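Biologist: I am new to this structure. Please show me how to read its features, one by one.

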Amino acid sequence: MSLVNHSCDPNCVIVFEGRQLLLRSVREIQIGEELTISYIESLMPSSERQKHLKRQYCFECNCLLCKTQEKDVDMLAGEEQAWKEIKDAVAKVGDPRSQEEWEQVLAMCQALLNNNADRLPDTNIYLLKMLDCAMDACINLRRWEEALLYGNRTLKPYRLYYSSFHPLRAVQMMRVGKLQHTQDMFPQALETLKQAYNIMKVTHGADHSLVQDLMKLKEQCEADMRAQ
């Protein structure tokens, strides 16, 4: 596995199952084509990705995504002063443990999201990270309805930045599907979970424990629909 090289737009992903490390292809690979994975979190503009790779791995990436800087405009859309403020705030969140700490995080997220509603689109990556942070805070505080509002806003940006078959997109859809289920939105939840499964069976494999959990949730949703 250590021989697999990096690309910011890879054709493979690595997932874990217990102590196993699995390399899975996420698109059709041509004969003789190199297998690649991403060494870093890809939700960064090209210049930031290059800095991280240079600092951590001592090389510059020359993949097509870096050469074209294709998604940078969407990633940094909106007013620069606004996204820089949100970027700094997200970096300071840390690792909340107590309910009080999560309430503080949520209050901070709510204030910044409300203040920048007209200044930044949801596709701005720093606003997207704040939406994720707000969603996490609501889940930890068991505020399911509000968590779903934030989660729904993340789905379009996730679809934009992560390829059709990407584990992070699938996991996010699974989380949103769970929240829809808690709100008795069974048809919507079932559709979201089906989409998550279609991705996850490629990125994780049908036998992966997370996919098994997803199937159980999907079956529960189907049973709840029949019981209505």
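Predicted model: local features only at pLDDT ≥ 70, side-chain atom pairs only at ≥ 80, totals over all residues.

Biologist: Which domains does the domain assignment give?
Modeller: Domain bounds come from an automatic or database domain assignment. Here that assignment gives domain 1 (1-70), domain 2 (73-144) and domain 3 (162-228). Residues are numbered from 1 along each chain as its sequence is written.

Biologist: What separates the centres of domain 1 and domain 3, and how many residues does the contact take from each?
Modeller: Taken over C-alpha atoms, the centres are 26 Å apart. Contact means heavy atoms within 4.5 Å. It takes 11 residues from domain 1 and 12 residues from domain 3.

Biologist: How is the buried area read, and how much do domain 1 and domain 3 bury between them?
Modeller: Buried area is the accessible area (1.4 Å probe) that two parts lose on being put together, summed over both. For domain 1 and domain 3 the value is about 860 Å², with 48% of it on carbon and sulfur atoms. On the domain 1 side, Glu17, Arg24 and Val26 supply 48% of the area buried against domain 3, more than any other three residues.

Biologist: How many salt bridges does the rule find across this interface?
Modeller: Side chains of opposite charge can pair when their charged atoms come close. The rule asks for a side-chain nitrogen of Lys or Arg within 4 Å of a carboxyl oxygen of Asp or Glu. Across the interface of domain 1 and domain 3 it finds 0, although the count by this rule comes to 9 salt bridges.

Biologist: Where does glutamate 48 find a partner?
Modeller: Glutamate 48 forms a salt bridge with lysine 51, their closest N and O atoms being 3.7 Å apart. Helices are DSSP runs (H or I, at least four residues), numbered from the N terminus. Because glutamate 48 and lysine 51 are 3 residues apart in helix 1 (residues 46-57), about one helical turn separates them.

Methods
Heavy atoms only, no water. Helix = DSSP H or I, 4+ residues; strand = E, 2+ residues; numbered from the N terminus.
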